[in-house]
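Student: Could you take me through this structure feature by feature, giving the general idea before each case?
Tutor: Gladly; let us look at it together.

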Amino acid sequence: MDDLYRELIIDRYKSPVYRGYLDPHDISFEDDNPLCGDHIRIDLRVDENDVVREAAFDGHGCAISQASADLLVESILGNTLDEVRALTKDDLLELLGIELGPVRLKCALLSLKVLKAGVYGLGEASDDLVD
Amino acid sequence: MTQTNSFDVERIRRDFPILSRELRPGVPLVYLDSTATSQKPLAVIEAMDNFYRQSNANIHRGIHTLAEESTALYEEARNKVARFINAPSARQVIFTRNTTESINLVSLTWGRVNLKPGDVVILTEMEHHSNLVPWHILSAERDLRLEFIPVGEDGLLDLVEYQRLLELKPKMVSFTHMSNVLGTITPAQEIIRLAHAAGALTLVDGAQSVPHFPVDVQALDADFLAFSAHKMVGPSGIGVLYGRKELLEQMPPFLGGGDMIKTVHLRSFVPNSLPHKFEAGTPAIAEAVGFGAAVDYLTQTGMQAIAEHEHALTAYALERLEEVPGVKVFGPTAEHKGGVASFYMDGLHPHDIAQVLDRDGIAVRAGHHCAQPLHEKYGIPATARASFYLYNTRQEVDRLIESIYKVKHMFGV
């Protein structure tokens with residue numbers, strides 16, 4: 001429990017650093033977790049070398065989903081889009097530093113799904129993106 | 001409440017093996033999720049176990065002893081269920097997989113034959129998805145007009161608006177007998193009386209009512225009633241559609257296959273009589289046997305006593321929840337509701353509440369509880385829901401409240 005809701009998660013849930021919108025943006029995508037209604041939108045600005053220069057997220061949901069989005073968005077600043085495409089479930093779990101059961105895993109992975117669907121320019125965020 | 005004295009909840013708890021489980025050393029289970037599915041007493045577990053150990057065979061048309069025994073057990077379960085809801089005949093009790101399948105059976109057989117483009121079907125704003133989506137599907141095929149009885153801020157159906165909707169001459173009024181989110185017990189008898197006066201048939205979604213208080217289909221004058229065994233201390237995988245005999249007889253078959261036919265030729269078939277006409281293929285036989293044992297268990301305990309126990313417990317839970325600053329409980333006051341307390345806490349997502357409660361051994365559900373439109377109406381994505389059944393206690397409510405204070409402390413809200 002204290003692992004799951006470690007201080008970092010509660011801090012980032014209550015006081016996210018990257019919450020907001022980027023307008024204009026180069027990439028934007030949003031999606032829901034149909035199971036619980038969590039919602040995440042991620043906006044990115046990239047430079048001419050495809051490096052992520054600015055990033056923001058918005059949405060609503062549980063502490064895990066929102067903190068995960070905040071930490072994920074922070075972690076990709078300065079990365080190339082190719083590096084973002086290569087992100088895996090394990091990368092995200094490492095950022096969160098917690099172990100999650102199958103249900104809460106979906107909460108955590110929503111932001112990664114949204115990010116990758118946006119970067120790949122897909123019409124929808126498929127679970128395959130985060131397997 | 002005099003019955004509550006003779007209602008020995010500690011004795012009842014001993015009948016349910018899972019309730020003595022510790023989730024972790026020193027953390028006993030507090031199961032507050034019976035609205036999703038109930039726990040099972042030893043009598044049900046043993047009935048199914050004995051069936052597989054002693055009598056297992058496929059039913060109907062078998063000559064050998066086991067086939068006769070299993071057929072008799074299966075049909076005896078149907079008789080027990082029929083008596084439980086006071087059906088005029090056991091032939092009007094169709095075994096399905098669950099409430100959802102029962103409602104789909106009506107929409108896809110009665111609905112396909114009787115509904116034309118523009119026909120009106122009345123539902124309510126607090127339906128479970130199982131009583132919305134079957135009508136959406138049929139509506140896409142038949143271009144129906146779906147209308148909804150509104151739910152007020154008080155969690156009750158607006159019967160004035162309902163009477164206005166009845167002027168549209170609906171063909172069907174399909175509604176929940178008890179909301180799985182708000183706990184609202186709907187005035188089913190009145191809704192049915194008004195529907196009949198307007199020339200409409202009625203389908204009662206009894207998934208939450210039949211397990212929790214006495215339901216008499218003849219007193220209600222319901223045309224159809226759907227419910228599931230697993231919410232009433234029985235096994236999953238079996239449910240019921242009760243229907244008025246002449247309606248069931250007029251309806252075309254649902255699924256085709258073995259057991260639902262009288263005769264089959266290469267290019268045609270003649271359907272079987274009721275209830276077999278609607279039971280294609282090998283049914284859930286052991287589950288039917290378990291269902292029969294569940295009905296026996298509830299009957300022996302007394303449905304009225306169960307209802308009173310739950311009512312007292314729910315009133316206590318609502319009182320305790322409302323004491324907690326920042327907690328908002330949804331639904332009507334205790335007098336109009338069954339054993340459900342759905343709540344929301346400012347600044348906290350229900351998933352986080354449920355997760356912290358789980359560490360204290362408390363099982364509650366978090367989400368939209370398959371009633372997304374209702375949550376949209378109240379402008380919240382999800383709620384946490386504690387629900388109560390015959391085996392829950394005031395001590396368990398106290399543990400829930402203590403744990404909710406822990407959540408508040410942890411998140412600093």
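**Reading the model**

Tutor: In the hairpin of β2(A) and β3(A), where 5 residues lie between the strands, Asp50(A) adopts a positive phi near 65°. Strands here are DSSP runs of E with at least two residues, helices are runs of H or I with at least four residues, and both are numbered from the N terminus; two strands pair if DSSP finds at least two bridges between them. This is a predicted model, in which local features need pLDDT of at least 70 and side-chain atom pairs count only at pLDDT 80 or more, while totals for chains, interfaces and linings use all residues. Residues are numbered from 1 along each chain as its sequence is written, and chains are lettered from A and ligands numbered from 1 in the order in which they are written.

Student: How many bridges hold β2(A) and β3(A) together, and in which sense do they pair?
Tutor: Strands of a sheet pair through backbone hydrogen bonds, either parallel or antiparallel. Here β2 (residues 38–46) and β3 (residues 52–60) of chain A pair in the antiparallel sense over 8 bridges, and Leu44(A) has Ala55(A) in β3(A) as its bridge partner.

Student: At what angle do the axes of α1(A) and α2(A) cross?
Tutor: Axes are lines fitted to C-alpha atoms, for helices over the stretch in contact, and angles run from 0 to 180 degrees between N-to-C directions. The axes of α1 (residues 7–14) and α2 (residues 63–75) of chain A come within 8 Å and cross at roughly 85°. The two helices α1(A) and α2(A) are therefore roughly perpendicular to each other, a label given to angles of 65 to 115 degrees, whereas those under 35 count as roughly parallel, those over 145 as roughly antiparallel and the rest as oblique.

Student: Which residues of α1(A) meet α2(A)?
Tutor: Residues are in contact if their C-beta atoms, placed from the backbone, lie within 7 Å. Ile9(A), Ile10(A), Arg12(A) and Tyr13(A) in α1(A) meet residues of α2(A) including Ala63(A), Ile64(A) and Leu71(A).

Student: What is the strand order in the sheet of 7 strands in chain B?
Tutor: This open sheet runs β4-β10-β9-β8-β7-β5-β6 in chain B, with mixed pairing. Strand β5 (residues 120–124) of chain B pairs with β6(B) in the parallel sense over 5 bridges, with Thr124(B) opposite Ile149(B).

Student: Which strands form the sheet of 4 strands in chain B?
Tutor: That open sheet has the order β13-β14-β17-β16 in chain B, and its pairing is antiparallel. The edge strands are β13 (327–330) and β16 (365–367) of chain B, and the twist averages 30° from one strand to the next. Helix α12 (residues 303–323) of chain B packs on the sheet, touching β13, β14 and β17 of chain B, and its direction makes about 10° with that of β14(B).

Student: How is chain B divided into domains?
Tutor: Domain bounds come from an automatic or database domain assignment, which gives chain B a domain 1 (3–40 + 302–411) and a domain 2 (45–300). Their C-alpha centres lie 27 Å apart, and the contact takes 26 residues from domain 1 of chain B and 28 residues from domain 2 of chain B. On the side of domain 1 of chain B that touches domain 2 of chain B, α12(B) gives the most, with 5 residues.

Technical notes: Two residues are in contact if their C-beta atoms, placed from the backbone, lie within 7 Å.
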